[in-house]
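Trainee: I would like to learn how to read a few features of a model, one at a time. Could you take me through them with the structure in view?

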Amino acid sequence: MKRLAALSGWGMKGPACFLLEMDGRRLLLDLGEGPDAGRRPSLGGIGKVDAILISHGHPDHVGALDLAPEIGDPPVYATEAVRALAGEDRLRQAQDLPFGGTTRIAGLDVETGPAGHAPGAVWMRIGGASGLLYSGDYSAESALFPVVPPLPAAALVCDASYGDAEEPLDRQAAALVALARARALLLPAPPAGRALEMALAFQRAGVPVSLCPATRAVAQAMAERPATAVAELRDWPAQVLETAGTLTARSPAAGVMIVAGAQAERGLSAALAQRFVASGEADVVFTGHVAAGSAAERLVAGGQATLRRWNVHPTREGLRVLVAAVRPSVMLPAFLPKARLAGLKALFPELRLVTEAPDFAWQAG
């Protein structure tokens, strides 16, 4: 038997951390923190694992790597782009995970492919067709980050962050462009994620864009690693550094201003959000998960900012396409509140859908 346990990331929008046991080996898939402040996996009683495999570099997938000594301080594996953008020593010093290719880790075959969503993000198939496909965070709608459909596998841990939501990204982008043509916008966003996707969309629409230094640093890292962008846009990260303005605390309210710090909690993101809320010179718009207790939550609840989603996870149709590619017999929907898990059953009546407990086993095949 092979077994997967969600130590975190099942039944809630919480940090990713999954324990895979296969052929006498134990792998941890991601080890994150957040996105709500202070939320971390509990590793008590887990014992030693053989390796930690990282899908991408966002905090809710890597932010708890300092807990690695609790499980024997195993080697960490991540793609080169993820390591280059890392802010933590264990991740910067991680061993190589291919950005599309095959390797062997702890005696198990691991195949990867680009997963959209963020620079260097990958899905992973572990143990071949009778093994597990872990999607990590996955987005086939990105115009900037490459994605390859995942391989077939008997079991699937799937990014189901949006449940059965249907609104496509092109409609969301068009609505934001329309807003930006009427008003200056401040968009707090993850720099190694939708920040640059949004910059691309606004530039294509002829809306002036300014980027904060942290987002410009990600563009520079991508320019130095052309494979992190889709083939037809491999020159764009270098171009945006020349064509976009540099956002500072004193920048005038103009066009679209994209700033690192998706919750407007600190630094430049907080300073600009407070300034524009007070002055009314620009609208503050959040485009992703609004964390409990965050500045973003307070601003939205108070009517001082708005929330307009920019898809970075699969929609209902995206889930169908992803599952059709993998063709699993059992699937654990990840990153979706438990109250919404039942809504996926009607989408996949032929699947054994894990909605009652955060673990499952399957035959080796």
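Mentor: Let us begin with one span: between the end C-alpha atoms of residues 14–181 the distance is 35 Å, and this span is 15% helix and 26% strand, where helices (H or I, at least four residues) and strands (E, at least two) are DSSP runs numbered from the N terminus. The model is a predicted one, in which local features need pLDDT of at least 70 and side-chain atom pairs count only at pLDDT 80 or more, while totals for chains, interfaces and linings use all residues. Residues are numbered from 1 along each chain as its sequence is written, and side-chain values use heavy atoms, with hydrogens and water left out.

Trainee: Which annotation covers residues 14–181?

Mentor: An unreviewed UniProt entry gives residues 14–181 the annotation "domain: Metallo-beta-lactamase"; such annotations may be inferred rather than shown by experiment.

Trainee: How do α5 and α7 cross?

Mentor: Two packed helices are described by the angle between their axes and by the distance between those axes. For helix α5 (residues 194–204) and helix α7 (residues 236–243), the axes come within 12 Å and cross at roughly 70°, the axes being lines fitted to C-alpha atoms over the stretch in contact, with angles from 0 to 180 degrees between N-to-C directions. The two helices are therefore roughly perpendicular to each other, a term that applies from 65 to 115 degrees. On the α5 side the contact (heavy atoms within 4.5 Å) is made by Leu196, Ala199, Leu200 and Gln203, and on the α7 side by Trp236, Val240 and Thr243.

Trainee: Which residues of α6 and α7 meet?

Mentor: Helix α6 (residues 213–223) and α7 have axes that come within 7 Å and cross at roughly 145°. Arg216, Ala219, Gln220, Met222 and Ala223 of α6 meet Pro237, Ala238, Val240 and Leu241 of α7.

Trainee: How many salt bridges does the count come to?

Mentor: Side chains of opposite charge can pair when their charged atoms come close. With a salt bridge taken as a side-chain nitrogen of Lys or Arg within 4 Å of a carboxyl oxygen of Asp or Glu, the count comes to 17. In one of them, aspartate 66 pairs with arginine 40, the closest N and O atoms being 2.5 Å apart. Aspartate 66 lies in the loop between α1 (59–62) and β5 (76–78), and arginine 40 in the loop between β3 (25–29) and β4 (51–53), so the pair ties together parts that are 26 residues apart in sequence.

Technical notes:
Parallel < 35°, antiparallel > 145°, perpendicular 65-115°, else oblique.
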